[in-house]
2 protein chains.
Amino acid sequence: MNMELSGRGKPTTDKAQRLQARNNPEHSAVGIGLNAAIVAVLDNEPVVLVVRNDADSAGATDVLPFGPFNPREHRTLEGGLRAWVRDQTGLDLGYAEQLYTFADRGRHAEPGDIIPHVVSIGYLALTEANAKSDLTNGAWRSWYQYFPWEDWRRGRPDIIAADIEPRLKMWAERPSPATTPQRPIARADRARMCFGLDGTAWDEEKVLERYELLYEAGLIEEALRDGRSAAQAWTERPKLGHAMPSDHRRILATAIGRTRAKIKYRPVVFELMPPEFTLYELQKTVEAILGPHLHKQNFRRLVEGAGLVEPTGDMKNRTGGRPAKLFKFRREVLLERPAPGVRVSAPPNRA
Amino acid sequence: MNMELSGRGKPTTDKAQRLQARNNPEHSAVGIGLNAAIVAVLDNEPVVLVVRNDADSAGATDVLPFGPFNPREHRTLEGGLRAWVRDQTGLDLGYAEQLYTFADRGRHAEPGDIIPHVVSIGYLALTEANAKSDLTNGAWRSWYQYFPWEDWRRGRPDIIAADIEPRLKMWAERPSPATTPQRPIARADRARMCFGLDGTAWDEEKVLERYELLYEAGLIEEALRDGRSAAQAWTERPKLGHAMPSDHRRILATAIGRTRAKIKYRPVVFELMPPEFTLYELQKTVEAILGPHLHKQNFRRLVEGAGLVEPTGDMKNRTGGRPAKLFKFRREVLLERPAPGVRVSAPPNRA
DNA sequence: TGACATATGCTCGAAAAGAGCACATGTCAG
DNA sequence: CTGACATGTGCTCTTTTCGAGCATATGTCA
């Protein structure tokens with residue numbers, strides 16, 4: 001497994017391990033992997049950091065940065081994460097939060113692998129991607145490259161009506177396999193709720209639900225790769241976004257959904273912004289993440305009224321229009337409001 | 001590289017494991033533990049399931065149910081959880097969700113343990129606690145027993161003004177140690193925001209933040225046990241809630257916070273209710289979890305208006321007052337609204 | 001110099017939320 | 001039997017928040 005990352009601890013001795021395996025049937029030693037979805041906004045495009053994975057048997061592919069967690073070396077999961085992210089990419093993480101721990105499928109040992117890498121803990125990190133960031137490795141990729149159906153900045157993305165909706169409808173008409181008998185919600189209803197079909201409102205936070213629905217319906221490469229039975233019959237049509245190895249795309253989906261949710265009640269947008277910015281830039285960043293266009297005047301009222309920002313006194317001149325006041329994040333808001341964030345509710349129906 | 005993708009290999013042998021351990025210094029095998037905070041509401045009291053832990057060297061104590069995760073046996077984390085919860089307690093879990101993965105402190109190996117149990121994945125489960133539930137083991141305990149400062153049902157709990165506030169103020173006046181130099185928010189401000197001191201509003205969702213603040217200030221037993229330096233000078237006064245071994249109380253704090261947050265945008269209350277209930281019972285359950293008293297008429301308007309419930313047609317007669325209509329959860333709401341829940345906003349200032 | 005892009009202030013109406021009044025219909029103690 | 005009491009239920013009223021539009025200011029740039 002993952003070799004490029006390194007960890008430097010010494011392994012447990014074989015003897016102890018054998019004993020353990022033999023004497024204590026309750027324990028099963030496994031490796032812990034940490035995956036990071038490192039998100040930034042670059043020229044109004046939300047991007048995620050990927051690294052080249054040359055060791056992949058199927059040729060080099062882009063993966064989320066990942067590495068092992070070695071409890072002998074690092075006291076905390078986050079500490080371990082920061083360490084190898086810095087080693088691997090040269091990046092010093094600022095804000096980071098745990099997303100989810102995945103162990104469910106596709107995480108099998110390779111031949112020769114003794115300690116299967118069954119569990120991986122996903123992290124979300126938000127960072128400012130300025131030009132002079134010293135990336136030693138890896139590249140920024142638009143997250144919409146992996147999730148084209150999530151990009152509503154220019155209206156409802158065509159891929160939904162063209163590729164997703166018809167195939168989901170077909171899938172919905174086929175009978176559910178007996179293995180999921182108690183599934184309480186019909187396939188058609190799930191598709192409708194997830195993708196806002198038939199006039200249902202689009203909920204931008206349901207990123208993971210949408211991904212998992214497409215997976216279950218066998219419409220994305222990962223499903224085929226993992227041997228989902230439903231996937232077999234669907235292999236020949238346009239792929240839906242770039243696939244990623246393992247469950248990296250699932251982790252990314254979780255990261256996008258969490259970012260979209262959190263931006264509304266925590267001032268995390270500012271992790272993505274330079275220290276000074278105009279309100280327009282701030283709005284564009286929020287829109288890059290959430291999708292829809294916001295009413296400019298209301299956005300100003302909201303952000304200023306909530307005390308999220310304060311003017312620096314300076315102006316930005318080369319805006320292409322009237323010069324804009326520069327603002328900075330008003331940290332004190334954390335001491336005033338319990339849940340400060342960019343409270344943008346979705347318009348009544350964007351479907 | 002990333003091996004986790006890939007194929008489904010058969011489990012490896014001891015020999016292979018030795019090789020692996022020797023040749024691949026990148027991995028450190030650890031045990032995975034699963035912890036469950038199983039929550040119910042019993043007679044308007046939110047309760048959590050605890051089991052007796054006789055193995056504790058300091059005598060028997062109550063702990064959250066926990067067990068190992070064995071990837072050879074269970075394909076999914078949740079599957080493993082459900083299996084040993086049933087074995088251990090006789091309970092069949094309904095709703096369950098992952099909370100957080102803890103690996104940070106207090107998770108030391110016991111003597112004789114070869115593979116330290118470093119990582120534990122916390123789960124939240126919600127269930128209905130009816131009288132005839134077949135608990136073979138364990139007991140329901142009010143969660144406010146572990147977090148008395150969270151119980152606002154009879155107004156602001158005295159323990160805050162009597163024990164917590166003065167000690168936090170003293171803590172705030174002592175200088176922060178150099179080990180946390182970049183701490184951006186002053187101790188006094190953190191205490192004020194967490195516990196709603198000096199007129200600041202109480203945010204019922206900040207359960208974990210409050211617990212961690214008390215831990216950091218050395219005011220709870222776990223801090224002393226874990227050897228926090230700050231704890232040494234504080235050992236002789238009334239304890240703040242019942243302590244739990246390891247980080248079980250932290251997991252419970254996470255569970256309470258998550259439950260309080262989620263109840264507002266997902267119809268999870270109904271996991272705690274019998275199939276039929278009156279609106280008053282529903283309100284009491286919500287209040288047991290969230291704390292404050294809600295305006296009865298508005299609660300009705302809210303719940304009915306959101307389409308969360310529908311009348312069964314029957315009445316409940318022995319209510320002590322006018323007979324009440326019986327309602328049941330209206331599942332179809334999941335197909336109509338993106339985020340249905342009991343939308344109770346806090347009154348402007350409850351401090 | 002004028003088209004254009006951006007910034008900024010103000011108003012209006014709809015919807016949601018908080019809070020109170022009034023009354024209906026049961027139980028239960030005396 | 002009767003009245004205190006507890007609960008259920010309908011309605012109104014005010015305040016706040018939010019979506020949306022109008023109008024105007026002040027820059028850049030062809």
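**A walk through the model**

Modeller: Chain A has nine helices and nine strands, where helices (H or I, at least four residues) and strands (E, at least two) are DSSP runs numbered from the N terminus. This is a predicted model, in which local features need pLDDT of at least 70 and side-chain atom pairs count only at pLDDT 80 or more, while totals for chains, interfaces and linings use all residues. Residues are numbered from 1 along each chain as its sequence is written, and chains are lettered from A and ligands numbered from 1 in the order in which they are written.

Biologist: What share of chain A is buried?

Modeller: Of its 351 residues, 43% count as buried; a residue is buried if 20 or more other C-beta atoms, placed from the backbone, lie within 10 Å of its own, exposed if 12 or fewer, and partly exposed in between.

Biologist: OK, then is Asp226(B) buried or partly exposed?

Modeller: Asp226(B) counts as partly exposed because it has 15 C-beta neighbours inside 10 Å, and its place is in the loop between α6 (221-225) and α7 (248-262) of chain B.

Biologist: How far is Asp226(B) from Leu208(B)?

Modeller: Their C-alpha atoms are separated by 18 Å, and the two residues are 18 apart along the chain.

Biologist: New topic: what does Leu252(B) touch?

Modeller: Not counting residues up to four places away in sequence, Leu252(B) touches Ala37(B), Val48(B), Leu64(B), Trp143(B) and Tyr146(B), where contact means that the C-beta atoms, placed from the backbone, lie within 7 Å.

Technical notes: Two residues are in contact if their C-beta atoms, placed from the backbone, lie within 7 Å.
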